[in-house]
Structures are given as structure tokens and as C-alpha cells.
Amino acid sequence: MSAQVTEFDYSLLGKNAKLAEEKGLASAEWYASPISRKRLKELMQRRNGPAIRDTLIWFALLGLTGFLAYHFWGTWWCVPCFVAYGVLYGTASDSRWHECGHRTAFRSTWMNDVVYEIASFMVVRESTSWRWSHTRHHTDTIIVGRDPEIAVPRPPDLVGIALAFFILKSGPKELKRVARHCFGSLTPDEKLYVPESEWPRIFLIARIWALIYAGVIAWSIAIHSILPLMFVGLPSFYGAWLMVVFGLTQHAGLAENVLDHRLNSRTIYMNPVFRFLYWNMNYHVEHHMFPMVPNYNLPALHAELKADMPRPYRGLIETYREIIPALFRQKKDRTYFVRRELPPTAKTGAGDPGYAHARPAEPL
Amino acid sequence: MNNQPNETWVPACEIGDIEPDDVMRFDHGGRTFAIYRTADDKYYATDGLCTHEKVHLAKGFVMDHIIECPKHNGRFDFTTGKAQGAPACVNLATYPVRIEDRHVMLRVN
């Protein structure tokens, strides 16, 4: 039994963390598709305009749907208004958190940092520790024992995935973490990937969050209504479902322990509304390969690298036709994963520097 | 230009080898450096590896006086070496640079 526990050990302090280091999978060199320095420089250029426009639209839509939800409170009409408000709050904040965390959305650092803090609160991810966890996710993407952001560890916890649609598993866990941070305490994992110089910041932000939550809860109690919590706090839960629909497409069911993002990440095509909500993170292989390229340039980067990439998925339906059976199969067979096929034009031939990285590694 | 007795200057590249607003890798004596050229044709040099996770900065992105690490977007002011915030928390070492006979000379000690 203990052998099985070890085999499924995704913890950052477990046996697989050591094995990943021994096998050269930790902080390793990853495959990068060929692109000229000149073109990459063009695509890396930052502008404030697109993100300011999108942020203004985002807040305007939050204001509009929030006003309508308030106006129709007490009637059934408030339900669709809160559904829309919730998605804008609990789903769109995920991609804003992500892009501003990379500081690529805006050219100005302070704009990235302001939106990052707001979005972190909305998506219930404590800003400092999650910045570091995401850094590790980029160093060791889906490397078992190294990546703290593996959304679907094997064997998949299907009940847990169902609960994730309203962040009923991660949300309370995160709030507990915030409470712990309020008292100046960190988990052993956090101590591993967050430098000590950043700890005071974690504690400060946690205390600010606690004050906000306490204020909204007190307001709700004072007026004997859940309404204030419907606008701040609860939308992180009831509006998260589309974030999970988007987020699971990134890596679920794909290879673990490979040093090639083409094999462990997905690029899928989405309609403009979804791309606005998700801020082009559907171009996920490209994002992982070149995280310096801002979200508004990812479609152009995708066009540039297409010949070296697996076929992109045509949409969410095609993607979930692959993910759902894969997860059910992984429930029975831990070693199963979806093998992404590289096109004949891809750089994978023997003698090519990418070849060694393009083959899936054995499970740890 | 006269060197001080204990100074070692080495040619890193020719002017024009680096595009304006860009960076180039230079290896010397088992060490790796990053040489920068600003939009107004000034040259600077720092250690070549990000202080966060030892990634080569020469693959990064130059924006004004900032170099952004290609792996985790950690940022440094390459004129001073100052880290600009998480995940870059430790400053980069900087090195004096001068132009001599169309060569970018780097003082490595």
C-alpha cells in the first residue's frame, strides 16, 4: 500500500520530488520551437492600450450586470444577472490574475500589479504565494513532485473535479490558508518555494483580505441579507465554473514528466467572447513556450509556430471529447495519457536538438 | 585608453553586433555575461544568468533599461543590476563597459 502511495505522490517534499531531480527533470532545459529573434522581439513588445481597454470593458460589464442583479433582487430576473456577474467575477479574474502575474498584460508594471492584486482576491488566490507557485509551474510544468499546480493528479479525483466547478475544494482550503497567513504561519510547501523576504507581504495581504471579508460578512449580518456577499466573496464560488471549464483544457489527461510543452499542454481555438474572458490563454502551448509574449500577441505567435505544433483543438467540445474519456481511463490505469502527435514539419527528427525532449518520459 | 594595472578588459563583441534595445550573451573564462545595447546606443553588462533560477538573460526581453528573464518574467534594471520585484529578488552583478576601436570592451574583474 505504501508503494502505491509513493507512486501517486505529487507532493513537493515527497519521493518523486527527489526522483525528478535525479532524472534531470527539475529546472531543466525545455524544447522551444524555432523563431527568429527579430520576430520574437516584435511579439514580446508590451503596450498598455489593449489591457486598459479590456480592463475598462471588464469593470463596466461587472458594474452593469451587478446593477441589474441588484435591481432585480427578489425576482427570478436576478438569476441570469448574477450568473453573468459571477462569470465576470469568478472566471474572468483567473486570466487577469494570470497575465498580470506574468506582468505582460500592461507595459506599466504598476498597472499589472494593481490588477493582479484585485484579480487575486476575486479568484481567491493569495497573491504572493501564488505568484511563486506559478513560477514553479513554469519551471517544471507537469513534472510530478515539482509542479504545485497540477490540476488533475493521477488517478483523477472525479468528485474533486466536480466540486472544483464551484471551487468547493480549493476555495475553503485557500481561505484556511489565508487565515493561517493572518497569524503569520506558512505551510512547509510554501516555505519551499516562497523566499523568506516575501513572507511579510503574504501576511499583510492575508490580513487585508480578512478585513474585507469581515466587513462584507458584518454588512450582510447587519442588514439581514446575503446580498452584499452575493457581490463580494460568493461570486468567487458561484462564478468559477467557466474558469474550470477553460482551465482543465490546459494540461488534463496529457503527458507528465516531459520537457516539451507541445506534449503536455493544449492550444484550442475559442470564440471571441471566450477569448475575452480567458485573455487568449487558450493558446497555452505558445504561452508556456514563450511566456514573455503578451496575451494579445499570442494568436500571432500561434500563426508563427503552427508548423512545429500539434494540431490545435477546434473548440471546447472536441477538447472535452478527449479529456473526459482520458480521465475515466486514468482512473483505472495510472500510466495512461493522451499522446499528442507532432506534425511532419515539426522539429523532432533524430539529430534535432528537440528530439530528446519530444518523447514522453517514463512515469517516475 | 589606459588600463589600471589590476583591470582586465576583454572584447565582448563589435558595436553593431547587438541590435538597439537588445541583449547578447558573452562567455569568457568559464563565466557568462549579458551585454546590452540601449535604444540610444549605450552599452551595459551584467552577469548572464538570472539570479532567480539561473536562466540565460540573453534570451530575454529588453524594454527601456529593463531586462526581463525569458522563463519567469523576473525583471532587472541592467544599468544598476537592481532586481525589480518577485520573482527577481536578488540584484544582478554589473560590469563596466567601454567602446574601443569599434569593440565593446568588458571589464571582467
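1. Two strands are said to pair if DSSP finds at least two bridges between them. Helices (H or I, at least four residues) and strands (E, at least two) are DSSP runs, numbered from the N terminus.

2. This is a predicted model, in which local features need pLDDT of at least 70 and side-chain atom pairs count only at pLDDT 80 or more, while totals for chains, interfaces and linings use all residues. Residues are numbered from 1 along each chain as its sequence is written, and chains are lettered from A and ligands numbered from 1 in the order in which they are written.

3. In chain B, 4 strands form an open, antiparallel sheet in the order β2-β3-β4-β8. Strands β2 (22-28) and β8 (94-95) of chain B each have a single partner strand, so one side of each lacks a neighbour in the sheet. Within this sheet, β3 (residues 31-37) and β4 (residues 43-47) of chain B are joined by 5 bridges, and B:Phe33 stands opposite B:Asp47.

4. Another open sheet of chain B has 3 strands in the order β1-β10-β9, again with antiparallel pairing. Its edge strands are β1 (9-14) and β9 (97-100) of chain B. Between β1(B) and β10 (residues 103-107) of chain B there are 5 bridges, and B:Glu14 faces B:His103 as its opposite residue.

5. Helix α6 (residues 109-122) of chain A has 14 residues and reaches 20 Å from its first C-alpha to its last, close to the 20 Å expected (1.5 Å times one less than its number of residues). The helix is followed by A:Val124, whose phi is positive, near 55°.
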